Amino acid sequence: MNSGRTNDAPATPPAAATPAENGFARVTEAPLDVAEHVRVVSTGSCGAVVTFIGQVRDHDPDAAGQVTGLDYSAHPDAGRILSEIVARFRAEYPQVNLALSHRIGHLDVGDLALVAAAASAHRDDAFTACERLVECVKAEVPIWKKQYEADGSTGWVGLA
């Protein structure tokens, strides 16, 4: 979708994915599919599947008014870094299958920005791995968001 807005953020790389048995890690401009993530991590030995869905909301503590959308931009190495994080978690949690996607480009309120799925024989392993994975991605992956508000103002969120 061309919103007519200019994006003065770093260049957006093409989709990057690292396929793996029972999972993947990717940065993509395509809409995210929760069912795909669940399907990829689910096996006959998995009794627990945990998902995290990060979606664009209509408010933010830093916004003066209503949020109408976000532009996510990624450093060219974001896909590689995301894949390295998932590989690190696979080594730490070998009993957990992981799938993770972060969307870039323009997203409207309600669109999915981040989807993570973790599956294992037991729920504790899946919950722990999924929660820690999402926190790590938020802290380490160079993806930024430009926020659009109803009054036409914009601002970058999370830039230091």
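## Cysteines

The structure contains zero disulfides, a disulfide being a pair of cysteine sulfur atoms within 2.5 Å. Cys 46 is buried, its relative accessible area being 18%, and Cys 130 is buried at 4%. Buried denotes under 20% relative accessible area, exposed over 50%, and partly exposed the range in between, for a 1.4 Å probe and protein chains only.

## Basis of the model

The model is predicted: local features need pLDDT of at least 70 and side-chain atom pairs count only at pLDDT 80 or more, whereas totals for chains, interfaces and linings use all residues. Residues are numbered from 1 along each chain as its sequence is written, and side-chain values use heavy atoms, leaving out hydrogens and water.

## Packing of helices 2 and 3

Helix 2 (residues 78-92) packs against helix 3 (residues 123-140) at an angle of about 150°, and their axes are 10 Å apart. Helix 2 is therefore roughly antiparallel to helix 3, a term for angles over 145 degrees. Their contact (heavy atoms within 4.5 Å) involves residues including Ile 81, Leu 82, Ile 85 and Phe 89 of helix 2, and Ala 129, Leu 133 and Val 137 of helix 3.

Helices are DSSP runs (H or I, at least four residues), numbered from the N terminus. Axes are lines fitted to C-alpha atoms over the stretch in contact, and angles run from 0 to 180 degrees between N-to-C directions.

## Aromatic pair

One aromatic pair is present. The ring centres of Phe 89 and Tyr 93 lie 6.1 Å apart with planes at 15°, so the pair is stacked; pairing requires centres within 6.5 Å, and stacked means planes under 30 degrees apart. Both Phe 89 and Tyr 93 are buried.

How values were computed:
Phe/Tyr/Trp six-rings, centres within 6.5 Å; stacked < 30°, edge-to-face > 60°. Helix = DSSP H or I, 4+ residues; strand = E, 2+ residues; numbered from the N terminus. Parallel < 35°, antiparallel > 145°, perpendicular 65-115°, else oblique.
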